[in-house]
Amino acid sequence: MNNEDMIENCCDGNHIHHEIQNTVIPGEEDLYRLADLFKIFGDPTRIRILYALSASELCVCDIADLLGMSQSAISHQLRVLKQSHLVKFRRDGKTIYYSLADTHVSTILNQGLEHVEE
């Protein structure tokens, strides 16, 4: 972009849009929490786990077998997903079953995939 284009794209004056700042842009704490959430989605292994859990409630053994990974590696990723409130779990005897925390997680996955496939 040359200097003429930059000048052409600038405002004639300084118009402060407080209504946008105050009603559209989330507060600082929410912005940081949202950025942290998107960091969680930045790991392909975690996304694969979330997709697997979107199909069915699974235990660590099932997820590890399905993704061809060690149970230790899956457990580590599940810990991150639990801390971010993206997955929940229930205990049945000695077995712990994992599932998506809510429908928002599926929505994020589906909309993200739809976006990248366009």
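1. Helix α3 spans residues 28–40 and contains Leu31; helices here are DSSP runs of H or I with at least four residues, strands are E runs of at least two, and both are numbered from the N terminus. The model is a predicted one, in which local features need pLDDT of at least 70 and side-chain atom pairs count only at pLDDT 80 or more, while totals for chains, interfaces and linings use all residues. Residues are numbered from 1 along each chain as its sequence is written, and side-chain values use heavy atoms, with hydrogens and water left out.

2. Leu31 counts as partly exposed because its relative accessibility is 31%, the class between buried (under 20% relative accessible area) and exposed (over 50%), computed with a 1.4 Å probe and protein chains only.

3. A search of the whole structure returns one aromatic pair. Phe89 and Tyr98 form this pair, which is tilted, with 6.2 Å centre to centre and 45° between the planes; rings of Phe, Tyr and Trp (its six-membered ring) pair if their centres lie within 6.5 Å, and planes under 30 degrees apart count as stacked, over 60 as edge-to-face and the rest as tilted. Phe89 is partly exposed at 48% relative accessible area, whereas Tyr98 is buried at 7% relative accessibility.

4. Three strands make an open sheet in the order β1-β3-β2, with antiparallel pairing, where two strands pair if DSSP finds at least two bridges between them. β1 (58–59) and β2 (87–92) stand at the edges with a single partner strand each, so one side of each lacks a neighbour in the sheet.
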